[in-house]
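Here are my notes for you, point by point. Keep the structure open while you read and look up each spot as it comes.

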Amino acid sequence: MTESPPPVVQMRGISLAFPGVKALQDVDFRLFPGEVHALMGENGAGKSTLIKTLTGVHRPDSGQVSLAGADVAFSSPGEAQHAGISTVYQEVNLCANLTVAENILLGREPRRFGGVDFSAMRKRAAEVLARIGVHIDPASSLGEHPIAVQQLVAIARAIAVDCRVLVLDEPTSSLDAGEVAELFRIMRVLRDEGVAILFVSHFLDQVYEISDRMTVLRNGTLVGEHLTAEVDRRTLIAQMIGRDLGALEAIEDAAEKRKTGGPVLVQASGLGRKGAIEPFDLEIRAGEVVGLAGLLGSGRTELARLLFGADRADSGKVLVDGAPLRLRGPRSAIAAGIAFSSEDRKGEGLVADLSIRDNLVLAMQAARGWTRPLSRRTKDQLVEKYLKALDIRPANPDALVRTLSGGNQQKVLLARWLVTEPRLLILDEPTRGIDIGAKAQIQQLVTALAAEGTAVLFISAELEEVVRIADRIVVLRDRRKIAELDGSVTGVDEVVELIAGGAAPEPEKVVS
Amino acid sequence: MKNRLIWPLVALAALLLLNLVVTPSFFALRIQDGALYGGLVDVLKNGAPTLLIALGMTLVIATRGIDLSVGAVAAIAGAVSCVHIGTSDSAGTAFAGMAMALLLCALLGLWNGFLVAGMGIQPIIATLVLMTAGRGIAMLVTEGQIVTVNNSAYKQVGAGFVVLPVAILISLLVLGLVAFVTRRTALGMLIESVGVNPEASRLAGVRSGTIIWTVYVFAAVCAGIAGLMISSNVSAADANNAGLWIEMDAILAVVIGGTSLAGGRYSLTGTLLGALIIQTLTTTVYTIGVAPEVTLVFKAIVVIAVCLVQAPKARAALSFRKVAVPS
């Protein structure tokens, strides 16, 4: 990396707000020709938003995007592609029933006599495939090929037009090690041809292997831009996760005061599911907050879902109060006093078109069955109690949950489970994407619940939060439980060290 | 919810007024032999089967489903009861026949529920199976003939009177029952919850499979009762034509009533209005003497108009009303 040519893409002062969220705040970004540039950040950091701003899906509220020195303002992905910015998304967006050649040239087929010139199309597709060294028959139908090859075809499609910038959004998430190597080979070929490649991946090993430069985002702001060779994993992770100490009230006192000698409530031994999380052992005591730390994709959510029966485990068992629990689904977990508040509030948590009241009583009503309705009075009492206890606004039980802010939605979801008086409450990212006030309220609630004897399994991407709130911290990496730490004596640095996996190079990761 | 019922109400009122203009005696009621007659009564009576089927359809649609097989199920119900009754004129035989028919319908509903909830087949495909096969079953039962019966007890169901036509009373009874069961128990809320967000409902511990199963059985039983009415009204079972296209009318009634085909919140009152609009429309076609060849076009225009004013885009365009009438 000597004196570089001028950047092909330059974004300056990009800000973009969605209703209730500042997705990007004054972000600068540059991308040079002939480099692989990794865009780093945890979920919700603004990676996808930045990419979508670049590719014309979103228009920035302020800021300027320039391409090869000229200011541009794309109003659609098509325009961006026309200008030389091609994107390959995580999910393969191709037509499995068409041929490889048709997929590569869809929408820009060579024409002859008003029809499609199929032989020219196959020839052109073969050229593109040869350029990246993929040897498959362009006339074969795409669906015959494995996902990895389809991914390569998607890249071929992206570079079939004059492509100066190639955006690869999580291209490796469904590939195995050999396929990743093949993808990287192709990326290097393109890079050496002068294509600027923007690469998003949650796998640090891959980022360190392929990228030349990286930009780190957190909570919609730019944290730093580095040459990959100059930044070690620890620094990178610390930047991604953030360490905004003192931003929240002092919760740690409460954690110290609590005594954690309660009886073992839930015990998992050898619990695991292929492709989700390796078999793990875990003990959770009554009145204890157990934190789960690890990067995105480390198996945090997967572990929680197994404990709740949302996914079926293929090995191991769960004991509740020492007695084995047959986890046949969420219902058996709920009956045993386990509650799970999903990280995906909208998709797996709330029922957006129903009222606050209905959402609050849903879990309890479901447990009772439809023939035994809660009386109107019981419902009103419950609703009133929790609207007040959690400070949910608006305090109107008939308001549709859809209309609430993220923080209030999260509180409604929490309240739904509190109504059932769970013995183990699993909270997956309960504070993500909500404002700082609601965040502090939820953290205080967690400590208060633990003080009353509820066991809490607390999952958060924010290490600070986990360290502050948890009595015990379970560290996950690459879908494996790698350590268990005493929360009262552990610092963020120690956890970061573990997550980063030390200095020793990891064996090649196999994902699938 | 009340706001959403305004347009269906307006449409219904407009149709009724149109009838009044064309037939001044349309609203007149007269009592003859202790039974009530008149244009409005006719609308209600002829609309009873559609209303019944639309009630079942409402709950199915609320769970994000659809049931195309109701017309065929109605034909099967008529066929089974008529074949069982045969030449008998005893009330006992009539009731046994009807009980058999409804039991069979419940089984057919279980089958639909099995395909949708058990096998995870898309509802439109799953119920298409019975929509086509059902007519065949009805043909098998009637051996391809139109089976006529002459049973006074059976005739009461579709053509009898207790002040009002029995068909009206039955459908209103079912309406009341559904409203009571879904709104007084938690069934309604759980149905809506499953319809709005199936995965969230599952994770909250809702037995979505059982709920879906229940609504398909209910829809099939409703279709069965409607089938008995249709067949009783003419004292015959016609495997080919009984309840033909009634699933379309029922779906339309549900949609006109403001329940979204995407599932979720439903309105039984809306469905009642929808069913009345469809039936009034059919009646209007006869009273104002629309030529038979443009009947369907006329119906389509009215339905499109009602659906349009309910579409979000059209409502946005009409939103100046909101200023005058704060909701």
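1. Let's begin with one residue: in which helix of chain A does Ala366(A) lie? Find helix α13 of chain A, and you have the place of Ala366(A). Before going further, keep in mind that you are looking at a predicted model.

2. Now, is Ala366(A) buried or exposed? A residue counts as buried once 20 or more other C-beta atoms lie within 10 Å of its own. Ala366(A) has 26 other C-beta atoms within 10 Å, so Ala366(A) is buried.

3. What does Ala366(A) touch, once you leave aside its neighbours within four places in sequence? Look across to chain B: Ala366(A) is in contact with Leu190(B), Ala204(B), Gly205(B) and Val206(B). As for Asn408(A), that residue sits 42 residues from Ala366(A) along the chain, and their C-alpha atoms are separated by 22 Å.

4. That brings us to the two chains together. On one side of the contact there are 24 residues of chain A, and on the other 20 residues of chain B. Which elements give two or more residues to the side of chain A that touches chain B? They are α11 (330–335), α12 (345–349) and α13 (356–368) of chain A. Helix α13(A) gives the largest share, six residues. Sorted by class, this side of chain A has 14 nonpolar, five polar and five charged residues.

5. Step back and take in chain A as a whole. You can count 18 helices and 22 strands in chain A. Along the principal axes, the C-alpha atoms fill a box of roughly 75 × 50 × 45 Å. A compact globule of 512 residues would have a radius of gyration near 24 Å, and chain A has 25 Å, so the two agree. Buried residues make up 47% of the 512 residues in chain A. And if you take the contacts in chain A with a separation of 6 or more, 70% of them are between residues 24 or more positions apart.

6. How is chain A divided up? The domain assignment gives domain 1 (9–241), domain 2 (246–337 + 422–432 + 450–504) and domain 3 (344–421). Between the centres of domain 1 and domain 3 of chain A, taken over C-alpha atoms, there are 41 Å.

7. A word on confidence. Chain A has a mean pLDDT of 85, and 91% of its residues reach 70 or more.

8. Four bridges join β18(A) to strand β19 (residues 424–428) of chain A, and the two run parallel. If you want one pair to find, Ala339(A) has Leu425(A) as its bridge partner in β19(A).

9. Next, two loop residues of chain A with positive phi. Phe113(A) is not a glycine, yet its phi is near 50°. You will find Phe113(A) in the loop between β7 (111–112) and β8 (115–116) of chain A. With 6 other C-beta atoms within 10 Å, Phe113(A) is exposed. Asp321(A) is not a glycine either, and its phi is positive at about 55°. Its loop runs between β16 (315–320) and β17 (323–325) of chain A. Asp321(A) counts as partly exposed because it has 14 C-beta neighbours inside 10 Å.

10. Finally, hop over to chain B. How many of the 11 residues of helix α11 (residues 246–256) of chain B are buried? The count is 10, so the helix is mostly covered. Among the buried residues of α11(B) are Ile246(B), Leu252(B) and Val255(B). What covers them includes α1 (6–22), α2 (39–62), α3 (70–85), α12 (268–287) and α13 (295–310) of chain B. Just after α11(B) comes Gly258(B), with a positive phi of about 95°.

Methods. Residues are numbered from 1 along each chain as its sequence is written. Chains are lettered from A and ligands numbered from 1 in the order in which they are written. This is a predicted model: local features need pLDDT of at least 70, side-chain atom pairs count only at pLDDT 80 or more; totals for chains, interfaces and linings use all residues. pLDDT is the predictor's confidence in each residue, from 0 to 100. Domain bounds come from an automatic or database domain assignment. A residue is buried if 20 or more other C-beta atoms lie within 10 Å of its own, exposed if 12 or fewer, and partly exposed in between; C-beta atoms are placed from the backbone. Two residues are in contact if their C-beta atoms, placed from the backbone, lie within 7 Å. Ala, Val, Leu, Ile, Met, Phe, Trp, Tyr, Cys and Pro count as nonpolar, Asp, Glu, Lys and Arg as charged, and the others, Gly among them, as polar. The radius of gyration is taken over C-alpha atoms; the globule rule is 2.2 Å times the number of residues to the power 0.38. Two strands pair if DSSP finds at least two bridges between them.
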